[in-house]
Amino acid sequence: ELRLGVVQADTSRTVAELSLGDVKVEGRAHQFEAPPIETPFTTRFDDKIGLLGYARALDEDTLRITLYWQARGPMDVSYKVFVHVLSPDGKMWGQKDDVPGQGTLPTSGWIEGEVLTDTYAVPLEPNAPLQDARVEIGFYDPASGARIPVVDETGNAIADHVILPN
């Protein structure tokens, strides 16, 4: 039961109390084994997140891309993922930014070692010649706009996004 109370500041005495009703609190299942991945591709976003690979499909005017993440450590920020579909010269043909899991899997709730399957439907400009498209992904802090750096095997920052191979 969730209850709301009003407490008198100087005496800490409860002055009024109201029941707001019953609340059901549920956790979510955590997966620690990677599922089969269509296109394995590994990279690291700082010491926070690993990309294990992806799968993508195109249907008319939407790119559906599934990204497979692995939590590398605890995070106190709920980062957003960006998925950009770009022309070879950098023109934006499609974009989708969201909290992982369509808002249901904030990174601040990830457990170290956990593997997450995260799908995005990216609307595309009509008639974009997608055979030449590049898909760019990354993470950013929605409060500051700061991106999580992509790091090499020694931990040195090398970029602020990843271009997925075609």
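The model is a predicted one, in which local features need pLDDT of at least 70 and side-chain atom pairs count only at pLDDT 80 or more, whereas totals for chains, interfaces and linings use all residues. Residues are numbered from 1 along each chain as its sequence is written, and side-chain values use heavy atoms, with hydrogens and water left out. Strands are DSSP runs of E with at least two residues, numbered from the N terminus, and two strands pair if DSSP finds at least two bridges between them.

**Sheets**

- Strand S9 (residues 134–140) is joined to S12 by 3 bridges, and the two run antiparallel; Val135 stands opposite Leu164 in S12.

**Nonpolar core and surface patch**

- The largest nonpolar core has 31 residues, of which Leu67 and Trp69 touch the most other members. Such a core is a set of buried Ala, Val, Leu, Ile, Met, Phe, Trp, Tyr and Cys residues joined through side-chain atoms within 4.5 Å; buried means under 20% relative accessible area, exposed over 50%, and partly exposed in between, with a 1.4 Å probe and protein chains only.
- At least two residues of this core come from each of S4, strand S5 (62–71), strand S6 (80–86), S8, S9 and S12, and S5 gives the most, with 5 residues.
- On the surface, Leu2, Leu4, Leu18, Leu20, Val23 and Val25 form a nonpolar patch with about 600 Å² of accessible area together. A patch is made of residues with over 30% relative accessible area and no salt bridge, with like charges joined within 9 Å and nonpolar side chains (Val, Leu, Ile, Met, Phe, Trp, Tyr) within 5 Å; the accessible areas come from the Shrake-Rupley method with a 1.4 Å probe, and for residues only the protein chains shown count as cover.
- Strand S1 (2–7) and strand S2 (14–21) each supply at least two residues of the nonpolar patch. Leu18 has its place in strand S2 and counts as partly exposed, at 48% relative accessibility.

**Salt bridges**

- The count comes to 7 salt bridges, each defined as a side-chain nitrogen of Lys or Arg within 4 Å of a carboxyl oxygen of Asp or Glu.
- Arg28 and Glu114 meet through their side chains in a salt bridge (2.5 Å, N to O). This pair links distant parts of the chain, 86 residues apart, with Arg28 in the loop between S2 and S3 and Glu114 in the loop between S7 and S8. Arg28 is partly exposed at 29% relative accessibility, whereas Glu114 is buried with a relative accessible area of 1%.
- Arg3 and Glu1 form a salt bridge (2.9 Å, N to O), and a network of salt bridges links Glu1, Arg3 and Glu17. Arg3 counts as partly exposed at 41% relative accessibility, and Glu1 counts as exposed at 59%.
- Asp59 and Arg64 meet in a salt bridge (3.4 Å, N to O); Asp59 is partly exposed with a relative accessible area of 37%, and Arg64 is partly exposed with 39%.

**Positive phi angles**

- Most residues other than glycine have a negative phi.
- Ser12, in the loop between S1 and S2, has a positive phi near 60° and counts as exposed at 58% relative accessibility.
- Asp46, in the loop between S3 and S4, has a positive phi near 50° and counts as partly exposed at 25% relative accessibility.

Conventions
Helices (H or I, at least four residues) and strands (E, at least two) are DSSP runs, numbered from the N terminus.
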